[in-house]
Amino acid sequence: MNSATGSPDIASCEALARWLQGAAVSAQDLQQPIAEILSRAQQQLPQYNHFRPAALNAVLCASDEVHVEIRNQITRAAARVFESQTITGVEVCTIPELPAYARLSRQQESEAGDAGRWLDDYTAFAAQASPLTPRSFHFAAGLDIGSKAIARRLHIAVSTATNFIYPNLYMLYIGESTRDRKSTAQNVERGLLDKAELNHVLLPSRSSAEAFMLELSAHVPPTFESWSSEIRASWLKSRSLTAQRGLLLSEAAHLLDSFSRDYSSGLLPLLLDLYDCPSPYEPKNTIGRGLEYISKPYVTIYGSTTHAAMAPHLSNTVHWGNGLFARFAIVGTDNSATWQFWSPILDYPDSLVRGLRFLAYELLPMPEAQFIEGDGEASRQVQLSQPLQSHAIRVEDKAWKQWELYSKATGWDLLAPEWENAIPQRFHPSYGRLGTTMVKVAAVLAAFDAERLPVTIAAPHVYRAQMIVENWRINLHHTAAHARRLNINTDVQDVKAAFVAAKNLWVSGRDVYKPLGMTKAAFGRAVAALSDVVESRERQGPGPKSLEYRYMTK
């Protein structure tokens, strides 16, 4: 206890906050009364399924003494712990553990190995074709292939007869530049889609909102007649899945950059809306084409980029608040890649091609698009050989129960209001969607394993999906912390360059951070990081006391 203020010791509160978020902390290392509170909370853990926030809350609420100030101190300490992770150069990122009731047992993890074998086969082949790419990238690419191949022809019914969850995925791989060979790995995915005659499931990688809307509609472009026969045939084939296609982006940061440009800013609300596959999508009235709407939309996205390219976007609070990042699974490296030079030319295994074609063309019938000619260009229409039909996925009881437990843990208990700073506020929308993401992944796994309809999500599918999504949850924390450290490092580099440019002269902090458009607080953090090469002193002369700085030349 701080004797001067009567408030709890700050260091002990921060240690308790780290324990709250999953770190190993001993009560013996803390000062009173925090040590006693932690000890009692640890004793309470079995009664609360080892969910730390609930156990700690029970201790504070049950005490005869009013612990309002201690609760406030812990809440503030939790926020400081997360903030401190963004300004240190040490790789520290505390991730709250799941409540015990939602964790998988070793037996369940073992059973998960039998789910989605096609994905394992694809990952093994892709790792041969692009050996410098982490296997986590290839595995996500396999999920993307499955999600695209399903093309809104499977769904999970929940709540009411019209409330469906579709297995479309938005995924974002964020890794290192060059070494990960992200473009090479995406070419492996593109090649398999082409081999299986599924390249028509891909959307153009760049377009305005209006062009994107048109691409998802059956409206025949006015320039159609001027196209070559090959392009017209390709366009018509893509109309078999007009609005059930996806993006495969070699540089996903370009998509996020486009959200701030006038001509493509409308893409952001469009992609936010389309994630939930509303049907029909809200009509749009244009001057040139009249009333348009998207029928049965189903959009998937798998993009890759670097930490540096994503850093400014991840620091944009708007994208956390509007739900953009909540819709994306953050795929990160698993450090599995090792140096290996190009292999000889590899053929796609027949088993991979057959398995993908079975899912896309046999298990789920693929409609064909054809023209119906009328009088005049305006009457030309595209018609499908059969309506696009979506089949309900059966979810076994054990699978449903584990889905419910994981959803409760991530979307409810970990976001309990009394512990709002146990997880940064900006992550709350992401946590709220983790349960949905998990069952989407389980649906893709089940679809690859299915031999006939109905597709059935068994318990192993959910177990493996939870293991996958848990890795993505960890990546969410690490990637955000990494991105913010990159922003701090950029400030450090800019401040250092300003000091070096001043040569051996003393300069005021204001003269440095103002021209850089930097806050005083950010400048202070940068100076602290440069303490070994920058010296400071109190400013000489009349006026308010302040510090001035000089770069120490060697």
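Glu 215 belongs to helix 9, which covers residues 209-215. In this predicted model, the side chain of Glu 215 forms a polar contact of 2.8 Å with the side chain of Arg 239. Once neighbours within four places in sequence are set aside, Glu 215 is in contact with Leu 203, Pro 204, Arg 239, Thr 242 and Arg 245.

Is Val 220 buried or exposed? Its relative accessibility is 10%, and because buried means under 20%, Val 220 counts as buried. Not counting residues up to four places away in sequence, Val 220 touches Trp 235, Phe 371, Arg 380 and Val 382. Leu 236 sits 16 residues from Val 220 along the chain, and the C-alpha atoms of these two are separated by 9.4 Å.

Trp 339 has 64% relative accessibility, and so counts as exposed, the cut-off being over 50%. Together with Phe 341 and Trp 342, Trp 339 makes a nonpolar surface patch of about 480 Å².

| Residue | Relative accessibility | Class |
|---|---|---|
| Val 220 | 10% | buried |
| Trp 339 | 64% | exposed |

Three strands form an open sheet in the order 14-16-15, with antiparallel pairing. Which strands are at the edges? They are strand 14 (507-508) and strand 15 (534-538), each of which pairs on one side only. Strand 14 pairs with strand 16 (residues 547-551) in the antiparallel sense, over two bridges. Ser 508 stands opposite Glu 548 of strand 16.

Finally, the protein chain as a whole. How many helices and strands does the chain have? Its secondary structure comes to 22 helices and 16 strands. The protein chain has 554 residues, and buried residues make up 51% of them. Among contacts with a separation of 6 or more, 74% are between residues 24 or more positions apart. The accessible surface of the chain comes to about 26200 Å², and carbon and sulfur atoms account for 51% of that surface.

Key
Residues numbered from 1 in each chain as written. Predicted model: local features only at pLDDT ≥ 70, side-chain atom pairs only at ≥ 80, totals over all residues. Heavy atoms only, no water. Helix = DSSP H or I, 4+ residues; strand = E, 2+ residues; numbered from the N terminus. Buried < 20%, exposed > 50% of the residue type's maximum accessible area, 1.4 Å probe, protein only. Contact = heavy atoms within 4.5 Å. Areas by Shrake-Rupley, 256 points an atom, 1.4 Å probe, with all protein chains shown as cover. Patch = residues over 30% accessible without salt bridge, like charges linked within 9 Å, V, L, I, M, F, W, Y side chains within 5 Å. Salt bridge = Lys/Arg side-chain N within 4 Å of Asp/Glu carboxyl O. Polar contact = N/O pair within 3.5 Å; in protein donor to acceptor, adjacent residues only side chain to side chain. Pairing = 2+ DSSP bridges.
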